[in-house]
Amino acid sequence: GDKKTVEVTEVPFNKASLTSDDVYIIDLGLQAYVWVGKQANKDEKFKSLQFSQELKAERRGKCSVENVDEAEVSDGHPILKALEKNSEDIDDDDEVGESNAEKNMFRLSDAGGKIQTTKVSYDKSSLDTNDVFIIDDGTECLVWIGNKATAQEKKNAMMYAHNYLQGTKHPLVAISVAKEGNRAVGNFF
């Protein structure tokens, strides 16, 4: 941002997106990093602090945030390795948003007394207002929360989505959360 306006915008998850004159928040679900470029200004640093606090609050304190100063970070830092790996996985010929990855959808339900995940058909008609669903199209992961989902299902949804993604070929894709009726899921189906 400039001195007049500081904006929070999403950029592609790769090392090439990082510049020295900005601050980046790299959100991995239960772990987030605040990348502070060498030439970032105080307003950008302040805005990143506000945003990271909101992130923690959204996740009820379960998200830890680590500050990474560009001037002091080593090449072996986990976030740089993850960004490099993601950069290697990108094929320049692929269109943005186009994926040949397997699409998966899981129901997260505690109807039987304890939380269980069940793979369901990747179809909008599988969504049920009584449960939470993890929808993965290979480029993005959506946690869809039904209006009648239990507090336990809601509380554990992000953790289950994060753990699920760790076992895929795309563990660092963005995770979005949508409550039933608040966001169209059309781009997933």
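This is a predicted model: local features need pLDDT of at least 70, side-chain atom pairs count only at pLDDT 80 or more; totals for chains, interfaces and linings use all residues.
I began with the strands and found an open sheet of 3 strands, in the order β1-β2-β3 and with mixed pairing. I then asked myself why one side of β1 and of β3 is left without a neighbour in the sheet. The reason is that β1 (23-27) and β3 (64-69) stand at the edges and have a single partner strand each, so one side of each remains without a neighbour there. I also looked up how neighbouring strands of this sheet are turned against each other, and the average is 20 degrees when direction is ignored.

**Entry 2, β1 beside β2.** Next I followed β1 to strand β2 (residues 31-36), and noted that the two run antiparallel and are joined by 5 bridges. Going through partners in β2, I wrote down Val-34 as the bridge partner of Ile-25, and Val-36 as the bridge partner of Val-23. The hairpin of β1 and β2 has 3 residues between the strands, and in this hairpin I found Gly-29 with a positive phi near 95 degrees.

My count of aromatic pairs came to 2. I looked at the pair of Phe-106 and Tyr-164, which is tilted, with 4.9 Å centre to centre and 55 degrees between the planes. Where in the chain do Phe-106 and Tyr-164 lie? I found Phe-106 in strand β4 (residues 104-109) and Tyr-164 in helix α3 (residues 151-166), 58 residues apart, so that this pair links distant parts of the chain. I checked both for burial, and Phe-106 and Tyr-164 are each buried.

I kept in mind that, in soluble globular proteins, nonpolar side chains tend to be buried together. The largest nonpolar core here has 16 residues, and among those touching the most other members are Val-132, Ile-134, Cys-141 and Leu-165. Two or more residues come from each of β4, β6 (132-136), β7 (141-145) and α3, and α3 gives the most, with 5 residues. For Leu-165 I set aside the neighbours within four places in sequence, and the contacts I then listed were Asp-136, Cys-141, His-170, Pro-171, Val-173 and Ile-175. Apart from this core I noted another, of 11 residues, including Ile-26, Trp-35, Val-73 and Ile-79.

Methods: Residues are numbered from 1 along each chain as its sequence is written. Side-chain values use heavy atoms; hydrogens and water are left out. Two strands pair if DSSP finds at least two bridges between them. Helices (H or I, at least four residues) and strands (E, at least two) are DSSP runs, numbered from the N terminus. Axes are lines fitted to C-alpha atoms, for helices over the stretch in contact, and angles run from 0 to 180 degrees between N-to-C directions. Rings of Phe, Tyr and Trp (its six-membered ring) pair if their centres lie within 6.5 Å; planes under 30 degrees apart count as stacked, over 60 as edge-to-face and the rest as tilted. Buried means under 20% relative accessible area, exposed over 50%, partly exposed in between (1.4 Å probe, protein chains only). A nonpolar core is a set of buried Ala, Val, Leu, Ile, Met, Phe, Trp, Tyr and Cys residues joined through side-chain atoms within 4.5 Å. Contact means heavy atoms within 4.5 Å.
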